[in-house]
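Biologist: Could you walk me through this structure, please? I would like to go slowly and ask things as they come up.

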Amino acid sequence: MTLSFSDPSRDCPLCPRLVAFREEWRAKQPDWNNAPVPSFGVDDGRLLIVGLAPGLRGANRTGRPFTGDYAGDLLYQTMIEFGFARGVFEARPDDSLTPIDTAITNAVRCVPPENKPTTDEIRGCRPFLTATLRAMPRLRAVIALGKIAHDSVVVALGEKMARHKFAHRAHHNIGSLTVFDSYHCSRYNTNTGVLTTDMFRAVFSDVREFLDAGPL
């Protein structure tokens, strides 16, 4: 299931460097997605999870956020544990994994070289994030995975980054929404101990408690 009304077109021309990288990988791997990765989930959900950008051999290959690399293994397992998804995650877009009350997207929809989008690319893709936020009428909580996702969400919500500093497990009340921060669930962060499974679970526990305490 996708939130197609807020997604860029398959041949979105906005970021020349990302377009060139996309075309390079279309030539190398014509069977991969190699296009902006659409959001995944339900448009009437109360939770939006925002990552950085598609991984080259993960979502860029499979066409579904966090599908095909380690970050998805941890993310979707944790979502299932806390009732934000059901089914079995098998790291492919046609598995039985189904988000519950949740949508998943990225601050930058196309894969960037070395997983490092530029400031202009983050800014250029932000209207799609803004559209996704506005298209979810029941939205109450956002999980921002990493500082780039956090900063882009804050700006998309019309606030200043200086007033809302990123910190793992921090909460930020912006208008009617609460933004929950987490270090990104990348293999690098988990391998180096920046993010442990328990640290990641704690963020989802906070969100679960927050949503369960409020109106449906």
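Biologist: How many residues does helix α7 have, and how far does α7 reach from its first C-alpha to its last?

Modeller: Please keep in mind that this is a predicted model. Helix α7, which covers residues 197-213, has 17 residues and reaches 24 Å from its first C-alpha to its last, close to the 24 Å expected at 1.5 Å a residue.

Biologist: Which residues of α7 are buried?

Modeller: The buried residues of α7 are Phe 200, Ala 202, Val 203, Phe 204, Asp 206, Val 207, Arg 208 and Leu 211. What covers them includes the helix α3 (70-81) and the strands β2 (47-51), β6 (141-145), β7 (171-174) and β8 (177-182).

Biologist: And what does Phe 204 touch?

Modeller: Not counting residues up to four places away in sequence, Phe 204 touches Ile 49, Leu 75, Thr 78, Met 79, Phe 82, Phe 84 and Ile 143. Phe 204 also belongs to the largest nonpolar core, which has 26 residues, and is listed with Ile 49, Met 79, Ile 143 and Cys 185 as having the most contacts inside that core. To this core β2, α3, β6 and α7 each supply at least two residues. Apart from it lies another core, of 17 residues, among them Leu 129, Met 136, Val 142 and Val 153.

Biologist: Turning to α3, what does its buried side pack against?

Modeller: In α3 the buried residues are Ala 71, Gly 72, Leu 74, Leu 75, Tyr 76, Thr 78 and Met 79, and they pack against β1 (40-41), β2, β3 (85-86), β5 (102-106), α6 (187-191) and α7. The 12 residues of α3 should span 16 Å at 1.5 Å a residue, and its end C-alpha atoms are 17 Å apart, which agrees. Just after α3, Gly 83 takes a positive phi of about 80 degrees.

Biologist: New topic: how many salt bridges does a search of the whole structure find?

Modeller: The search finds 16 salt bridges. In one of them Glu 81 pairs with Arg 201, the closest N and O atoms being 2.5 Å apart. Glu 81 lies in helix α3 and Arg 201 in helix α7, so this pair ties together parts that are 120 residues apart in sequence.

Biologist: Are those two buried or partly exposed?

Modeller: Glu 81 is partly exposed, with a relative accessible area of 40%, and Arg 201 counts as partly exposed at 28%.

Biologist: What about Arg 208, which salt bridge does that residue form?

Modeller: Arg 208 forms a salt bridge with Asp 212, with the closest N and O atoms 3.2 Å apart. Both lie in helix α7, four residues apart, about one turn of the helix. Arg 208 counts as buried at 18% relative accessibility, whereas Asp 212 is exposed, with a relative accessible area of 52%.

Biologist: Which buried arginine has no salt bridge, then?

Modeller: That is Arg 140, whose nearest side chain of opposite charge, Asp 101, is 7.9 Å away. Arg 140 is found in the loop between α4 (119-134) and β6. Leaving aside its neighbours within four places in sequence, Arg 140 is in contact with several residues, including Arg 46, Ser 176, Phe 210 and Pro 215.

Key:
Residues numbered from 1 in each chain as written. Predicted model: local features only at pLDDT ≥ 70, side-chain atom pairs only at ≥ 80, totals over all residues. Heavy atoms only, no water. Expected span 1.5 Å × (residues − 1). Buried < 20%, exposed > 50% of the residue type's maximum accessible area, 1.4 Å probe, protein only. Contact = heavy atoms within 4.5 Å. Core = buried A, V, L, I, M, F, W, Y, C linked by side-chain atoms within 4.5 Å. Lys, Arg positive; Asp, Glu negative; His and termini not counted. Salt bridge = Lys/Arg side-chain N within 4 Å of Asp/Glu carboxyl O.
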